[in-house]
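The entries follow the order in which I looked things up.

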Amino acid sequence: MEFDTPKKGFFGRLAQRIGDAIQLRPTVDEAFLDELEEILITSDIGMETSLRIVEDLREAVRMKRLTATEDVETKLREIIAGIVDKGDHLRMTDAYPIAVLMIGVNGGGKTTTIAKLAKRYTDEGKRVLVAAADTFRAAAAEQLEVWAGRVGVDIVRHQEGADPSAVIFDAVQAAKARGVDVLICDTAGRLQNKRNLMTELEKMNKVVRRAYGEEQTEVLLVLDATTGKNAISQAKEFGEATGVTGIVLTKLDGTAKGGIAITVSDEFDLPVKFIGIGERPEDLEPFDPKRFADSIFTGVY
Ligand SMILES: Nc1nc2c(ncn2[C@@H]2O[C@H](COP(=O)(O)OP(=O)(O)O)[C@@H](O)[C@H]2O)c(=O)[nH]1
Ligand SMILES: [Mg+2]
């Protein structure tokens with residue numbers, strides 16, 4: 001994936017800013033480190049995480065007596081890769097059947113990501129079923145139905161206002177009966193109130209985990225990279241209700257704020273599993289920590 005000017009995504013912009021700073025300052029000094037810190041913070045990497053990155057770098061510079069700014073780049077890549085590497089990024093459990101519960105606030109990209117995942121698994125020859133457990137708005141199930149049709153997978157849906165856990169219960173039965181490998185469940189991002197939403201999510205989570213077991217359940221929190229720091233508080237709330245197993249970071253194609261991937265990884269012990277880089281079903285990439293860290297400098301993921 002490449003970003004052209006003028007619409008540069010996170011990687012392109014950050015790469016350019018860091019590249020400029022490196023070119024402008026031939027030696028590593030406090031002024032360079034200060035500038036780097038500012039670049040990181042304004043890319044939404046978050047104050048604490050940015051300070052930590054620069055502090056680790058300062059330490060490495062001291063230990064290894066690095067003086068040229070180019071040498072710093074390699075070290076910086078290592079530091080960032082170390083933060084975002086949580087070990088099991090692509091463990092979308094490989095013992096089938098599995099269930100994936102997709103959660104997150106409205107507009108984050110849950111339904112679109114379901115279509116993307118459904119396509120991905122279908123392309124791998126897996127049998128996929130999607131469950132329209134966002135019953136809060138009629139339009140939600142319709143949208144999922146359109147996507148399901150486009151990527152060619154079956155859907156289980158109820159009437160608007162139905163109990164979302166009942167939809168999931170039915171979908172689990174259907175998945176068993178039809179020999180489905182991957183059941184992907186859409187959920188609401190908003191209900192009458194937040195307490196209600198969290199209670200419903202807890203129930204759905206229980207239904208899924210009871211049927212599939214811990215090992216074969218993924219709960220993916222979908223975070224919109226453009227919301228920056230808001231994503232952090234969302235991760236906290238949703239994580240408490242459901243025991244999130246991983247993160248999907250969407251809309252990295254349209255933002256300079258992808259640093260949130262680093263912050264979320266640093267503040268929570270959660271792997272980013274996929275990134276969304278557009279609105280089409282093929283616009284989903286597995287998250288690779290090293291590739292991510294490299295992209296920050298090359299501008300291309
Ligand atoms: N540019 C871009 N847009 C996205 C991405 N993922 C989702 N969207 C768009 O974000 C909007 C909300 O997505 P939707 O899946 O309906 O969010 P939901 O409310 O969480 O289900 C839609 O217009 C999507 O096309 C992405 O990775 N990149
Ligand atoms: Mg939706």
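Entry 1, ligand contacts. I worked from a predicted model. I then turned to I277, and found a backbone N or O atom 3.4 Å from an oxygen atom of ligand 1. For Q143 I noted a side-chain contact: an N or O atom there is 3.0 Å from an oxygen atom of the ligand. I also looked up the cover: on its own ligand 1 has 580 Å² of accessible area, and the protein covers 80% of this.

I checked where the ligand sits, and the space taken by ligand 1 is the largest pocket. I counted 16 residues around ligand 1, and listed G107, K110, T112, D253 and E279 as the closest. I then asked which helix gives the largest share of the shell. The element is helix α5, residues 110-123, with four residues.

I located R209 in helix α8, which spans residues 194-212. Is R209 buried or exposed? I recorded R209 as buried, because its relative accessibility is 16% and the cut-off for buried is under 20%. I next followed the side chain of R209 to its partners. One is the side chain of E214, with a polar contact at 2.6 Å. Another is the backbone oxygen of G243, which the R209 side chain reaches at 2.8 Å.

Definitions and conventions:
Residues numbered from 1 in each chain as written. Chains lettered and ligands numbered in written order. Predicted model: local features only at pLDDT ≥ 70, side-chain atom pairs only at ≥ 80, totals over all residues. Heavy atoms only, no water. Near = heavy atom within 4 Å. Polar contact = N/O pair within 3.5 Å; in protein donor to acceptor, adjacent residues only side chain to side chain. Areas by Shrake-Rupley, 256 points an atom, 1.4 Å probe, with all protein chains shown as cover. 1 Å grid on protein atoms, 1.4 Å probe; cavity = no way out; pocket = protein on both sides within 12 Å on 5 of 7 lines; lining within 4 Å. Sits in = over half its atoms within 2 Å of the grid points. Helix = DSSP H or I, 4+ residues; strand = E, 2+ residues; numbered from the N terminus. Buried < 20%, exposed > 50% of the residue type's maximum accessible area, 1.4 Å probe, protein only.
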